[in-house]
Amino acid sequence: MSRRAARPRARGLLRHAASPPRRRHDGGGMADKPTQGAAPGDIRPDQRPRTLQACRRCGLWRDATQAVPGAGARRAAIMLVGEQPGDKEDLAGLPFVGPAGALLDKAMAQAGLRRDAVYLTNAVKHFKWQLRGKRRMHKSPAQVEIAACAYWLERELAAVRPRVVVALGATALGAVMGERGHTLKHSLGRELARGDYRVLASYHPSYALRSPDPAGRQAAYQSIVDALEHAGRLADEG
Ligand code: URA
């Protein structure tokens, strides 16, 4: 079967997830082999962790419940990359199942994308947090943590081989594009490329939830919908 024929259709009548993600605690179910020609994820053979759950490439595993691997269609044409799991994702072991995920679901439905036909993941696979009162509050990952986790993102990219990657927010954009100096502001609405796949950038769903004014929230949300629609068109082009 050709690569094209093997891909699930990202767009269709069924708009929400119909089946549970296949990958949970195994680092994406990918064979433990090095990624070729992918500088951000390259590490020496003796540093390669065998599974995502065993990863000690940075210190974030210490305070997290578990690593959260990507989930979704094995050969999805569209990969969505967020920043890092949040509180709910850390507990569930699944990406985008909390409030940001609910907003993303809504945006995907509006863009005509089925959640079960795309692949969802994060630049960083462990939840980084600080305690405020009794709540674990999101803390932005450091560059060194993003760089350490590039190993896993590169493996997901190599395994899924999407046509289009949508980077949700600046951290995801930096992780996907590497040291190529793409700022989110200048990348919005543009088609970027990395290797074989095209890259679109948008705001992170959390920004569309938390931006201080309603107009900013609506603009961020619309930017996400636009990027997802754009991704759908590119995926259909083949
Ligand atoms: N925010 C992210 O970037 N990823 C998730 O999985 C959840 C919230």
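Helices (H or I, at least four residues) and strands (E, at least two) are DSSP runs, numbered from the N terminus. By that rule the protein chain has eight helices and eight strands. This is a predicted model, in which local features need pLDDT of at least 70 and side-chain atom pairs count only at pLDDT 80 or more, while totals for chains, interfaces and linings use all residues. Residues are numbered from 1 along each chain as its sequence is written, and side-chain values use heavy atoms, with hydrogens and water left out.

**The chain overall**

Buried means under 20% relative accessible area, exposed over 50%, and partly exposed in between (1.4 Å probe, protein chains only). Of the 238 residues of the protein chain, 52% count as buried. Accessible areas come from the Shrake-Rupley method with a 1.4 Å probe; for residues, only the protein chains shown count as cover. The protein chain exposes about 11,600 Å², and carbon and sulfur atoms supply 51% of that area. Contact means heavy atoms within 4.5 Å. Among contacts between residues at least 6 apart in sequence, 76% join residues at least 24 apart.

**Ligand site**

The residues around the ligand are Gly 82, Glu 83, Gln 84, Pro 85, Gly 86, Glu 89, Pro 95, Phe 96, Ala 100, Asn 122 and His 204. By class, this shell has four nonpolar, five polar and two charged residues. Here Ala, Val, Leu, Ile, Met, Phe, Trp, Tyr, Cys and Pro count as nonpolar, Asp, Glu, Lys and Arg as charged, and the others, Gly among them, as polar.

A polar contact is a pair of N or O atoms within 3.5 Å; within protein, one must be able to donate a hydrogen and the other to accept it, and residues adjacent in sequence count only if both atoms are side-chain atoms.

On its own the ligand has 240 Å² of accessible area, and the protein covers 94% of it.

A nonpolar core is a set of buried Ala, Val, Leu, Ile, Met, Phe, Trp, Tyr and Cys residues joined through side-chain atoms within 4.5 Å. The largest has 30 residues, of which Met 79, Val 81, Val 165, Leu 173, Val 176 and Val 199 touch the most other members. Two or more residues each come from β2 (78-82), α4 (143-160), β6 (164-168), α5 (170-177) and β8 (197-202). The most come from α4, with seven residues. Apart from this core lies another, of 26 residues, among them Leu 113, Leu 200, Tyr 221 and Leu 234.

In α5, six of eight residues are buried: Thr 171, Ala 172, Leu 173, Ala 175, Val 176 and Met 177. Their cover includes β2, α4, β6, α6 (184-187), β7 (192-194) and β8. Just after α5, Gly 178 takes a positive phi of about 70°.

**Two buried loop residues**

Gln 66 lies in the loop between α1 (3-6) and β1 (71-72), and counts as buried because its relative accessibility is 14%. A polar atom of the Gln 66 side chain lies 2.9 Å from the backbone oxygen of Asp 90, and one lies 3.1 Å from the backbone oxygen of Leu 91.

Leu 94 is in the loop between α2 (87-92) and α3 (99-111) and is buried, at 15% relative accessible area.

Definitions and conventions: A residue is near a molecule or strand if one of its heavy atoms lies within 4 Å of it.
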